[in-house]
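Subject: Structure handover

Hello,

Please find the structure below. My notes on what was found in it follow.

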Amino acid sequence: MLNIENLHANVGDTPILKGLTLEVPAGEVHAIMGPNGAGKSTLAHVLGGKPGYEVTQGSVEFRGGDLFDLDPHERAGAGLFLGFQYPVEIPGVSNVQFLREALNSQRKYRGEEPLSGGEFLKLAKEKAGLLKMDMEMLKRQVNVGFSGGEKKRAEMVQMGILDPKFAVLDETDSGLDIDALRIVGEGINSIMRSPDKGVLLITHYQRLLDVVKPDRVSILADGRIVQTGGPELALRLEGEGYDAVMADA
Amino acid sequence: MPETATLPTRRDEAWRYADVDALARIGAEALDQWTEMAVPAGETHRESFIVGGDAPELRRIRLVLSAGARAELFVTNIGADYTRLEVEVTLGKGAHFEFGGITIGGGDAVREFVTTTIHAEPEATSNQTVRSVHWGTGTGNFLGEIKVARRAQKTGAAQDFKGLLLEAGASANAVPQLEIFADDVKCAHGATVGQLDESARYYMAARGLSPEETRRLLVQAFLGDALVELGDDAERERLLEAALEKLEERK
């Protein structure tokens with residue numbers, strides 16, 4: 001589904017990703033853990049197509065096509081969702097307007113009919129309910145005045161509404177209290193756990209992985225995947241830390 | 001009462017960003033054509049319209065508000081040539097003047113709002129919000145003069161200007177001018193000029209919006225501020241839609 005091969009990328013002139021190879025087949029949740037500065041967020045933004053992130057070598061195949069042939073909005077249309085570590089505020093634009101236009105733009109890209117206002121609101125209500133978010137919040141401006149936790153929850157409501165095939169979630173668990181973490185984790189399960197979907201879950205903590213049980217766990221360090229294992233790898237990291245686990249590898 | 005027979009130059013403060021060549025095409029006689037209106041005590045005058053076409057245009061409006069009167073003026077300026085709207089308002093005791101203006105467009109045209117707000121009596125308030133969106137070598141200006149007479153205590157006057165430039169080469173100018181002779185007044189003015197927020201554009205692209213859709217949505221949100229106080233939904237929609245249609249012309 002997502003096949004990353006020997007990926008090298010710079011931010012500005014600085015090489016961050018240095019030969020990263022990783023395959024996430026459909027039906028799999030793959031957790032990426034790693035020390036600060038390893039390149040986890042850079043990986044997310046390279047996949048998202050953020051300006052200023054330059055791919056210098058390697059390839060990414062997404063759902064059978066070359067991901068880098070697509071502009072950022074086309075990647076979304078093709079089914080890629082990027083959950084932001086720091087969701088952006090958009091003053092003057094309501095969540096409802098933003099998400100309806102985004103969804104219909106994606107549907108247009110895929111050659112599907114747009115949703116009517118009524119159909120969209122029904123869908124939005126259902127997905128907001130899944131994340132236990134009040135519909136009133138969706139009528140407010142995108143992320144404006146939302147707390148850190150509310151922003152992360154809103155990201156997951158967006159994911160529910162847009163219903164992507166593949167989600168790259170960049171530290172979606174940071175800034176969440178224990179109850180919100182469970183709600184978000186269960187939201188990820190219910191939206192993305194499916195034989196035809198995949199998730200790349202970037203996280204620092206085992207706690208989210210207790211709820212969203214990963215099929216595979218990889219350690220990203222200095223721009224490469226240095227170790228891959230089952231869920232037990234995350235538990236070892238939690239107990240022993242990166243240095244000890246990576247020294248054994 | 002004819003005020004002037006000769007054309008102003010850019011050395012005149014109120015004309016410093018004007019397209020004086022275009023003004024010459026309009027002719028000096030236009031300078032004497034004022035639309036004048038008196039708003040009686042306690043009454044409200046509301047007006048919203050779109051100015052600007054393919055020829056240069058100068059409109060001058062003079063409003064005199066009696067005690068407790070209210071004037072609301074909302075204007076979208078989409079001129080493809082020099083288009084200047086001047087408003088001179090004299091406020092009686094406790095009167096209120098509300099102004100919302102949009103300038104939008106590319107090419108090399110200058111669109112401008114020039115307001116003179118005279119707080120002649122105590123306790124009057126005024127609020128002016130202008131949003132300018134330009135590309136090419138287009139220009140948007142807001143010259144706002146506020147005069148507060150010595151007796152006009154408890155005056156409240158606010159001016160807010162924001163420019164959004166979609167391309168290098170476009171420009172936006174704000175010239176607030178305060179002349180205050182009373183000591184118990186509140187006058188606020190702010191002006192900023194910037195570009196579309198890069199992080200918002202990326203975020204919106206990541207959700208599937210094309211660069212054109214993103215621009216439209218962000219410009220719409222930006223312009224919305226100028227029309228917040230326009231109570232008539234249909235009119236607000238009409239003024240905003242005219243501006244967004246102008247945006248569509250940008251290729």
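Of the 251 residues in chain B, 43% are buried, where buried is defined as having 20 or more other C-beta atoms within 10 Å of a residue's own, with C-beta atoms placed from the backbone. In chain A, buried residues make up 45% of the 249 residues.

A note on the source: this is a predicted model, in which local features need pLDDT of at least 70 and side-chain atom pairs count only at pLDDT 80 or more, while totals for chains, interfaces and linings use all residues. Residues are numbered from 1 along each chain as its sequence is written, and chains are lettered from A and ligands numbered from 1 in the order in which they are written.

Chain B

Chain B has four helices and twelve strands (DSSP runs numbered from the N terminus: helices are H or I with at least four residues, strands are E with at least two). Its radius of gyration is 18 Å, close to the 18 Å given by the globule rule for 251 residues, so chain B is as compact as a globular protein of that length. The radius is taken over C-alpha atoms, and the rule is 2.2 Å times the number of residues to the power 0.38. Among contacts in chain B with a separation of 6 or more, 82% are between residues 24 or more positions apart; a contact means C-beta atoms, placed from the backbone, within 7 Å.

An unreviewed UniProt entry places the feature "domain: SUF system FeS cluster assembly SufBD core" at residues 54–222 of chain B. UniProt positions are in the numbering used here, feature names are shortened, and annotations may be inferred rather than shown by experiment. Over residues 54–222, chain B is 12% helix and 57% strand.

Chain A

Chain A contains ten helices and twelve strands. The C-alpha atoms of chain A fill a box of roughly 55 × 40 × 35 Å along the principal axes.

Where the chains meet

In total, 21 residues of chain A are in contact with 16 residues of chain B. On the side of chain A that touches chain B, two or more residues each come from helix 2 (72–77), strand 7 (90–94), helix 3 and helix 6 of chain A. Helix 3 of chain A gives the largest share, five residues. By class, this side of chain A has twelve nonpolar, seven polar and two charged residues. Ala, Val, Leu, Ile, Met, Phe, Trp, Tyr, Cys and Pro count as nonpolar, Asp, Glu, Lys and Arg as charged, and the others, Gly among them, as polar.

Regards

Key: Two residues are in contact if their C-beta atoms, placed from the backbone, lie within 7 Å. A residue is buried if 20 or more other C-beta atoms lie within 10 Å of its own, exposed if 12 or fewer, and partly exposed in between; C-beta atoms are placed from the backbone.
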